[in-house]
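Let's take a friendly walk through this model, starting with a pair of helices and moving on to the sheet.

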Amino acid sequence: MREETLLVHAGRHISDDYDFVNPPVIRASTVLHKSAEDMMNRAMHERDMIEDKIPYGTYGTPTHHAFYKALCALEGKNAAGAWAFPSGLAACTIPLLAFLKAGDHALLIDTIYGPTREFAEEVLRRMGVEVEFFAPSVGADIASLFKANTALVMLETPGSHTFEMPDVPAIAKACQEKGVISVIDNTWATPLFFKPLDVGVDVVIHAATKYIGGHSDLTMGVVICNAKTWPQAYRTFVQTGQTTGCDDIYLAYRGLHSMAVRVKAAAQSTKQIIDWLLQREEVERVLWPALPTDPSYPIWKRDFSGATSLFGVVFKERYANKLAPMIDALKIFGRGYSWGGFESLLIQSYGTRNQTPMPFERMVRIAVGLENPVDLIEDLNQAFNQLPH
Ligand SMILES: Cc1ncc(COP(=O)(O)O)c(C=O)c1O
């Protein structure tokens, strides 16, 4: 099946006796067992994740498992298991707990999502993990940063706010050669435009709050693992009590069905808006890897089958710390965090703790939604009039 078809159908078969298109929403903690023996059997298998033998609500419901099956189908033949978390950030941090212990060395890309970086710098270091950051341009040279105790490399592509793309296949290969676990936050591309498990990455993360949910009405993260990492990851997810409410799972699964059309429509509008921005004399640069002038374009063209609707805009130097009146004047773009929903958003960029020097004081990040792009351009046009000339 092609991906659009998979998005509609994957995970939908609950059982031969269940004829509805959608899975039921089962709000569940307690599962009733047929007998003492059934109870004992299910308890013994609780860590095997046999979905028709779920012993308790924290192991998921048929709705969860429909969603997990769909996620695995989308990530390709190397996907062995998926799990959901109450936020994208939890999906970024819990897998690190699964694979790291005191005395290990962990390498994280310098452009990682700020709160993930904070977790590494504060929680992992407190646990006794040696945490080091590396430049997104590292490529196969990541091997030169490996130490005897290097256990994990974490990537994100493109970088939060700065949009540089690392060479994921080269880094994954170096990790495989040294038995280092590789993890990637792939939220920007969605499984539609990049499948990291296919190029040798071990663990894929998506903030489902963004394009998967797609309607700004839930927070969720998902993790999809290959066969090598799934058993250890799954045990940690269960041991740390990671569970998500069934209503949110239902919404995320529902969002998945329309993700292809939403993402492609928003990407088309994005191209139109970027073309307009590039004509504006106030704009110095647009950060979107699918632009042929972008330094990451060769990697994007080689590894990705599309680009999504989140990008950065760098204004000319004279606008440093002077963007607020323009941002305040916006009428259609919302001033709000997050992205991947149906509504367009614009925020002033901020540096998190990146070491990459970027002029964040004259940068904004735009998330294009599903409005008519002409209305969005008109909104930007009237807001640009508020910039000091
Ligand atoms: C790249 C990336 N990863 C993870 C997250 C975290 O997702 P959530 O907001 O659901 O915690 C975000 C949120 O903005 C993000 O941009």
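H3 crosses H9 in a left-handed way (the near helix is turned anticlockwise from the far one by less than a right angle). This is a predicted model, in which local features need pLDDT of at least 70 and side-chain atom pairs pLDDT 80 or more, while totals for chains, interfaces and linings use all residues. Residues are numbered from 1 along each chain as its sequence is written, and side-chain values use heavy atoms, without hydrogens and water.

Helix H3 spans residues 62–75 and helix H9 residues 246–257; their axes lie 9 Å apart at an angle of about 35°. Helices (H or I, at least four residues) and strands (E, at least two) are DSSP runs, numbered from the N terminus. Axes are lines fitted to C-alpha atoms, for helices over the stretch in contact, with angles from 0 to 180 degrees between N-to-C directions.

## What meets at the contact

On the H3 side, the residues include Phe67, Leu71 and Leu74, and on the H9 side Ile249, Tyr253 and Leu256 are among them. Contact here means heavy atoms within 4.5 Å. The contact residues divide into 11 nonpolar, 2 polar and no charged (Ala, Val, Leu, Ile, Met, Phe, Trp, Tyr, Cys and Pro count as nonpolar, Asp, Glu, Lys and Arg as charged, the others, Gly among them, as polar).

## The sheet

An open, mixed sheet has 7 strands in the order E1-E7-E6-E5-E4-E2-E3, where pairing takes at least two DSSP bridges between two strands. Its edge strands are E1 (81–85) and E3 (130–134).
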